[in-house]
Amino acid sequence: MTHKAQTLDFVQQRKARHALPSELYSDADVYRDDLAHLWHKEWIFAGHSFELEKAGQYLTLQVGDYPIVVVRGAGGELRAFHNACRHRGSKVCHQDSGKAAKLVCPYHKWTFDLDGKLLFAGNMGPDFDTRHHGLLPAHCETVESYIFVCVAENAPDFAPFRDAMTPFVAPHYLTECRVAHESNLIEKGNWKLVFENNRECYHCDGSHPELLNSFVENLSVAGVSGTEDPQLEAFWDKCESAGLPSRMAMDAAGQFRMTRIPLSANASSYTMDGKPALSSRLDESGVDNIGALLYFHYPNTWNHFLGDHALSFRILPLGPQETLVTTKWLVPKEAQEGIDYDLEHLTRVWLATNDQDRQLVEGTQAGVSSPAYEPGPYSELAENGVCQFDDWYCETMQRRLKGES
């Protein structure tokens, strides 16, 4: 049996409303299939456009097998390229981010313009044609400051996500923000365990005391769709009347979702005292407590937008049992640390929460790797979100492993 057929068999072994079989979290061949059929085909969140304000600014990321660089061009365009020199393949940009007038390969100094054209290649002889050796492009799209890249030859249609996301995020003026702090954690767990952990708060009472000063999971919006909830409906009405779309929007395949939830009583931000971390607002609604706008996009990002700041989360798989989690705290561009906000007050809750989640993921990876592990059932009350993620993963992988899409 080929490893592709074996992965399909593991996917089809999954029982409805149960966790995944062990191999889907641990097996090296399954990981290769995850890369080939998800990570190398989907739109992947890379970073924010405001991180690349000036020509020559760039950021890099690793999308499975593909090193990628995103760069701001001389005319203001954002482009993504495969971060591999067209000479002998060396990475051209080695830093996570930087700024350069030209992109110069450190190996043999082949020099590329910001639009990817090869400008200089020494000692290649008079017959060498630079026109045929520019950096190879990757697909790149931007929506409300979010840069997405896709390494597939033919990228999925980005328009449905753009159309759904824009009205929710636009009132928070993310394009006028900057990164106040960035955290990078390597979690010793499969990328699916990282996303599963995010998609439920069943574990929160016993694990996240800092977060629960303000966050309250709303079970009616945790999974596929909201249910009738008079208090939630009243909260949505209040926010929407102030120009903040709030009712759940979710695509038919379940790959992305936007919705707004209220925070706990008297809390308006993710801080230890529930009070705003900043003296300014992201939005102009005039509503005291707009709760938290949540959006996810599988396979690699979830996000929170509050009245005073926002958080973006990006995951990238590093191996079958290793995942990079990047968190960015986003504040208005003009906000000054020490004047408009205290960094510890801003970051304490999610720095603690992320590390607690890391420990949970790593403990789960150890357990699902045991020969004694048997997938357990999901709670019909508290784990609809994680079940929805697993459903999306299994349905998508089954189609693609069968060659249907």
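## Helix α8

In this predicted model, helix α8 bends by about 30° at valine 349. The helix runs over residues 343-368. Its 26 residues should span 38 Å at 1.5 Å a residue, and the C-alpha atoms at its ends lie 37 Å apart, which agrees.

## Helix α9

Helix α9 covers residues 384-401, a run of 18 residues. From its first C-alpha to its last it reaches 25 Å, close to the 26 Å expected at 1.5 Å a residue.

Is α9 enclosed by the rest of the structure or open to the outside? Of its 18 residues, 13 are buried, so the helix is largely enclosed by the rest of the structure. Glycine 403 follows α9 and has a positive phi, near 80°.

## The cavities

Rolling a probe the size of a water molecule over the atoms shows where empty space is left. In this model the count comes to two cavities of 30 Å³ or more.

The largest cavity has a volume of about 450 Å³. It is lined by 30 residues, and those nearest its centre are Asn198, Arg199, Glu200, Phe215 and His304. At least two lining residues come from each of α5, β13 (256-261), β14 (292-297), β15 (301-305) and α8. Sorted by class, the lining has 15 nonpolar, nine polar and six charged residues.

The second largest cavity holds about 40 Å³ of space. Its lining consists of Phe45, Ala46, Gly47, Ser312, Phe313, Arg314, Thr326 and Lys328. The elements β1, β16 and β17 each give two or more residues to this lining. By class, there are three nonpolar, three polar and two charged residues.

## The largest pocket

The largest pocket has a volume of about 460 Å³. Which of its 29 lining residues are the closest to its centre? They are Thr60, Leu61, Asp96, Ser97 and Arg314.

Two or more residues come from each of β1 (44-48), β2 (57-63), β3 (66-72), β5 (97-99), β11 (177-187), β16 (310-319) and β17 (322-332). The largest share, six residues, belongs to β2. The lining divides into 11 nonpolar, 11 polar and seven charged residues.

## The second largest pocket

The second largest pocket has a volume of about 330 Å³. It is lined by 17 residues, and Leu193, Glu196, Glu200, Thr364 and Glu383 lie nearest its centre. Glu200 is also among the residues nearest the centre of the largest cavity.

Two or more residues of this lining come from α5 (191-198) and from α8 (343-368). By class, the lining has 10 nonpolar, four polar and three charged residues.

## Histidine 40

Histidine 40 is placed in the loop between α3 (28-39) and β1. Is this residue buried or exposed? Its relative accessible area is 11%, below the 20% limit, and histidine 40 is therefore counted as buried.

Apart from residues up to four places away in sequence, histidine 40 touches Leu35, Val63, Gly64, Asp65, Tyr66, Val151 and Ala152.

## Glutamate 217

Glutamate 217 lies in the loop between α6 (204-207) and α7 (230-241). With a relative accessibility of 23%, this residue counts as partly exposed, because that class lies between the limits of 20% and 50%.

Leaving aside neighbours within four places in sequence, glutamate 217 is in contact with Glu200, Cys201, Tyr202, Ala222 and Ala382. One of these, Glu200, is among the residues nearest the centre of the second largest pocket. Glutamate 217 and leucine 263 are 46 residues apart in sequence, and their C-alpha atoms are 8.5 Å apart in space.

Definitions and conventions
Residues numbered from 1 in each chain as written. Predicted model: local features only at pLDDT ≥ 70, side-chain atom pairs only at ≥ 80, totals over all residues. Heavy atoms only, no water. 1 Å grid on protein atoms, 1.4 Å probe; cavity = no way out; pocket = protein on both sides within 12 Å on 5 of 7 lines; lining within 4 Å. Points joined across faces, edges and corners; volume = space filled by probe spheres on them. Helix = DSSP H or I, 4+ residues; strand = E, 2+ residues; numbered from the N terminus. Nonpolar A, V, L, I, M, F, W, Y, C, P; charged D, E, K, R; others polar. Buried < 20%, exposed > 50% of the residue type's maximum accessible area, 1.4 Å probe, protein only. Contact = heavy atoms within 4.5 Å. Expected span 1.5 Å × (residues − 1). Bend = angle between axes of the 7 residues up to and from the residue.
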